[in-house]
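Trainee: I have a model open and want to learn how to read it. Could we go through it feature by feature?

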Amino acid sequence: MPHYKIAIIGAGPAGYFTAQALQNAQSDHLTFSIDMFERLPTMWGLVRSGVAPDHPKIKSVAKVFEKVASEPNFRLFGNVEVGRELDIEELCPRYDAVVMCTGLSIGKKLGIPGEDLPGSLSAAEFVPWYNGHPDYINVNVPLSGDTAVVIGAGNVAMDCARILGINPIELDATDTAEDALAALHQSMVRRVYIAGRRGPEHAAFTAPELRELPKLEHTNVVIDAPAVQAAHERALAAGQIEKHTAANLEAWRLIAEHPHGGHQRTMEFRFLSHPIEIKGDGKVEEVIFGINEIKGGKVIDTGETYSIKTNLVISAIGYQALPIQGISFRDGKVENDNGRVLGTNIYTVGWAKRGPSGVIGTNKSDASDVVKLLIEDLDPEPKNGGDITVVIPQSKTLIDQGRWSKINAAEIAAGELVGKPRVKEVDIAKLIALAE
């Protein structure tokens, strides 16, 4: 019976769902050994450092990941970076297939003057800051002004705006990073604008996210009712309204009709707005927006503008990949054909494959599809390229599943003392110490 060795690079949702798909594909005629590599000492990727802390139900998928990791054919190699400490050229000969599940970690640029001013951040910096990612604990988030602007019309933009716009007491019982939570408690931000280039009917928010907004206890949520009506009329004029769009439009209507509670904090949606320039003397002080209209289904610049005074702008307009030596990238993603990296025994799953689309669960079907291709491509005779441990630098403290379990247990225990799901450790050296 053939037994194949598969390497998975990245211990996020795409990585674990790929491992699960491989485990589910095993039979009396086909078995796998799975080695998962992660550059951090902590696992779970976006479930740990991307999902908003006030959405704990989404994080429960980690239980699935732990079940996958408990299988005897699974090995974890944490705290080792493929492409820097471990070359792709050393991996590929030792495995029958290598699956890149490295995600996307760099925020796309707006491409406008002033976006590099202090106070202009990407969601790719802000989200891991409040989630306690070790690489982002020192991000400077200016919260001394009363107004913040989030540019983007997807769920990441929504998360950023909500974290800024809610009363931080709503985060006290979550796993928000301790330093970020302290900063949010001192925040002077009371109004958050969310700006989208197109109309409400085009926004990539999901209806469940929108329906939650009127339930916020300490925040007014505002959208112009005529803008929602106009969006509905445009969608009708374009033909049959898709189910997703209809659900969103209904959610927008409910938000527009929901009475404001007279709260001190407000989230306000501004559609048909495109950023032209970020102005300021040594720091962000103002954002200039162009006003759009929709004609014939196309977004047209009217030439009119408006501005918002602010010292904090967060752009959430998409992600692209951090380059990895030995891997070809195109358009911010691993260059691939439906998950195959042509001419190699490398595959890719998740955002690294398809870009920043879908939700956590989307990676499950994505992984299943790519694993089917991978199995079709396997040689009749498995490779015997030797064990990978001989080429991992001996100076590295590897975090295997047992050590990661110790880190996980220590964080959960610390959280129990203060009524939180966990208290995240954000220092690499201290995380490694927890694993001993």
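**Reading the model**

Trainee: What is the relative accessible area of A410?

Mentor: First the scale: buried means under 20% relative accessible area, exposed means over 50%, and partly exposed lies in between, with a 1.4 Å probe and protein chains only. A410 has a value of 26%, so it is partly exposed. A410 sits in helix α14, residues 401-418. A435 is 25 residues away from A410 in sequence, and their C-alpha atoms are 8.8 Å apart.

Trainee: What should I know about the model itself?

Mentor: This is a predicted model: local features need pLDDT of at least 70, side-chain atom pairs count only at pLDDT 80 or more, and totals for chains, interfaces and linings use all residues. Residues are numbered from 1 along each chain as its sequence is written, and side-chain values use heavy atoms, with hydrogens and water left out.

Trainee: How many helices and strands does the protein chain have?

Mentor: Helices (H or I, at least four residues) and strands (E, at least two) are DSSP runs, numbered from the N terminus. The protein chain has 15 helices and 19 strands. Its radius of gyration is 23 Å, close to the 22 Å from the globule rule for 436 residues, so the chain is as compact as a globular protein of that length. That radius is taken over C-alpha atoms, and the rule is 2.2 Å times the number of residues to the power 0.38. The C-alpha trace spans about 65 × 50 × 40 Å along its principal axes.

Trainee: What share of the residues is buried?

Mentor: Of the 436 residues, 52% count as buried. The chain exposes about 19700 Å², and carbon and sulfur atoms supply 51% of that. These areas come from the Shrake-Rupley method with a 1.4 Å probe; for residues, only the protein chains shown count as cover.

Trainee: What share of the contacts links residues 24 or more positions apart?

Mentor: Contact means heavy atoms within 4.5 Å. Among contacts with a separation of 6 or more, 76% join residues 24 or more positions apart.

Trainee: How do I read strand pairing?

Mentor: Two strands pair if DSSP finds at least two bridges between them. Start with β1, residues 3-9. Seven bridges join β1 to β2, and the two run parallel. Y4 has F32 in β2 as its bridge partner. Next, β2 (residues 31-38) pairs with β3 in the parallel sense over five bridges. There M36 stands opposite L76.

Trainee: How many residues of β1 and of β3 are buried?

Mentor: In β1, five of the seven residues are buried, so the strand is largely enclosed by the rest of the structure. In β3 (residues 74-78), four of the five are buried.

Trainee: Where is L312, and what does L312 touch?

Mentor: L312 is in the loop between β13 (298-309) and β14 (313-315). L312 is buried, with a relative accessible area of 0%. Beyond four places in sequence, its contacts include G119, L121, V141, P142 and V284. T147 is another of its contacts; L312 and T147 are 165 residues apart in sequence but 7.4 Å apart in space, C-alpha to C-alpha.

Trainee: Which residues does A52 contact?

Mentor: A52 lies in the loop between α2 and α3 (56-59). At 2% relative accessibility, A52 is buried. Apart from neighbours within four places in sequence, A52 is in contact with K59, Y130, D159 and R162.
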